[in-house]
Amino acid sequence: MATAEALGVRPPHPVPLPRRVPVPLLPGDPRAVLRRAAPLLPAVAVVALLAVPSAPAGDGSAGSGSVADAASALLVLYCLVRVLRQRARPLTRTAALVLGMPVLGVTVAALTSDDTPAGLPGVARYLQIFVLVPAALLLLVRDRWDFRFLGGSVVALALAQGAIGVVQYLTGTGASYRGEDIRAVGTFGPTDVMGMATVVAYGLVIAVGFALGATDGSPRGQRAAALVCAGLLTVPLVLSFSRGAWIATAVAVGLQLLLSGPRRAAVAVLTAGALGVVLVGGLGLGSQLVTDRLGSIAEVADAPDQSVTDRYTMWAAATDMWRTRPVTGVGLKGFPAHRDSHASLALSSGSDTAGAGLGFQRQPLLSPHNMYLLVLSEQGLLGVLTLVGSWAALLVLTLRRLRAARGPRPARGTGADCGLVVTGLLVWQLVDFGYADIGGPSTVLTAVMLGLAAWWALAPGRARSGAAGT
């Protein structure tokens, strides 16, 4: 039988079978989101575990150890293992300098303390909050997608804590306030009344930043969802009756509005204000109590109540401690030991706490409730220059990079929303530290916020503007 070649007929060219091309996962596919977010899960766990109630310390204070603190230690260990496996230079020189500055003041204060062993827990706490966790998040967050995902987890925590706080107010199961158990404290209890207020304020500032900074390159629906979250979080923040948190939030959001431009600022103010008026004013959620609390802000200098008197007295005691040792302070954890010898007789024995599942107890006054004066009294001028200098450097670098991202002709997806979020968080923290200091379970969230700020301010430009983070 003759072949095709012998007859002069060329056989047709074989057609190759089509290869199976894997179908890429869509951005909204849960599997894609989970795989994309997997490296962030240790950080998200720190945020999520703040919803777990923690028992107060034996002396009636809020205590400092919690499951979230343990998770933050695992987060640092996880990042250390990653750095060792990659065998790469983990931090730039600028990042190492800015984040490493507090180590000097803390170490010197511990070494010069009259009771060095008693100050060792303070060393660990300061390094955890201001050095280790922020540095770990600087290494862990890869781009703007990671930033938004971690920031969104904080907003989710704030919504959950805020919802619990509103229920506490409506059902009379919150912390005691003016003889009624109506103060919204979330799962943090009456010994950490600033806990829920801090978390909710963080979530509100993040939501406002995401709303004001949203562009055509931002995720779809980001602005609308962020505005709704900001409006909802206004209610539990008001019901926390925390004057310090109110002031810090007003300053931070005001600056965000100023930096975002008049048009977006007007939209955000009208939307959040309408929700706040409906929920607080229209439904009467604490309107009279809120009015009285707002009025007390201007009256603290004329007719202060005992809590304000105690705060002023402890501020004076902290200043007097600094005068005795102006360079290095009295040592970490030294304020309680030196308090009585420097405070006047106007200081009470403690503050009354009750409600939210706990009975009446006296909470000791172990700090001046002012972070700057706490550092000044315990670490002296050296501690203030290194610690506050680190925060100031973060803020300056943040504003400079935000200005570049919001230039006259910003590129698509420059991440200006992330910059607005970080600016608001840093300003909120710097203002709030005038009325509060570190302490209690919610403090670990401060470290997370500083980590987000460190990524925006200190990460290389490619990491902040890569396509993956649009």
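1. Helix 6 gives the largest share of the lining of the second largest pocket, with 7 residues. Bear in mind while you look at it that this is a predicted model. The pocket itself has a volume of about 580 Å³. The lining counts 20 residues, and if you want to find the middle, go to W145, R148, F149, P219 and Q222, which are the closest to the centre.

2. Which elements give two or more residues to that lining? They are helix 1 (30-37), helix 6 (144-171), helix 7 and helix 8 (222-239).

3. Where do helix 7 and helix 16 make their contact? On the helix 7 side, look at V199, Y202 and I206; on the helix 16 side, look at L445, T446 and M449. Sorted by type, the residues of this contact come out as 5 nonpolar, 1 polar and no charged.

4. Now for the other pair, helix 2 and helix 3. The axes of helix 2 (residues 41-48) and helix 3 (residues 67-86) come within 8 Å, and the crossing angle is roughly 170 degrees. Angles over 145 degrees count as roughly antiparallel, which means that helix 2 is roughly antiparallel to helix 3. The crossing of helix 2 and helix 3 is left-handed.

5. To see this contact on screen, pick P42, A43 and V46 in helix 2; they meet A68, A71, S72, L75 and Y78 in helix 3. The contact of helix 2 with helix 3 has 7 nonpolar residues, 1 polar residue and no charged ones.

6. How many cavities of 30 Å³ or more does the structure hold? There are 4 of them. The largest cavity has about 50 Å³ of space in it.

7. What lines the largest cavity? The list runs L49, L50, V52, P53, S54, S66, A68, T187, F188 and P441. By type, that lining has 7 nonpolar and 3 polar residues, with no charged ones.

Key. Residues numbered from 1 in each chain as written. Predicted model: local features only at pLDDT ≥ 70, side-chain atom pairs only at ≥ 80, totals over all residues. Heavy atoms only, no water. Contact = heavy atoms within 4.5 Å. Helix = DSSP H or I, 4+ residues; strand = E, 2+ residues; numbered from the N terminus. Nonpolar A, V, L, I, M, F, W, Y, C, P; charged D, E, K, R; others polar. 1 Å grid on protein atoms, 1.4 Å probe; cavity = no way out; pocket = protein on both sides within 12 Å on 5 of 7 lines; lining within 4 Å. Points joined across faces, edges and corners; volume = space filled by probe spheres on them. Axes fitted to C-alpha atoms, helices over the stretch in contact; angles between N-to-C directions. Parallel < 35°, antiparallel > 145°, perpendicular 65-115°, else oblique. Left-handed = near helix turned anticlockwise from the far one by under 90°.
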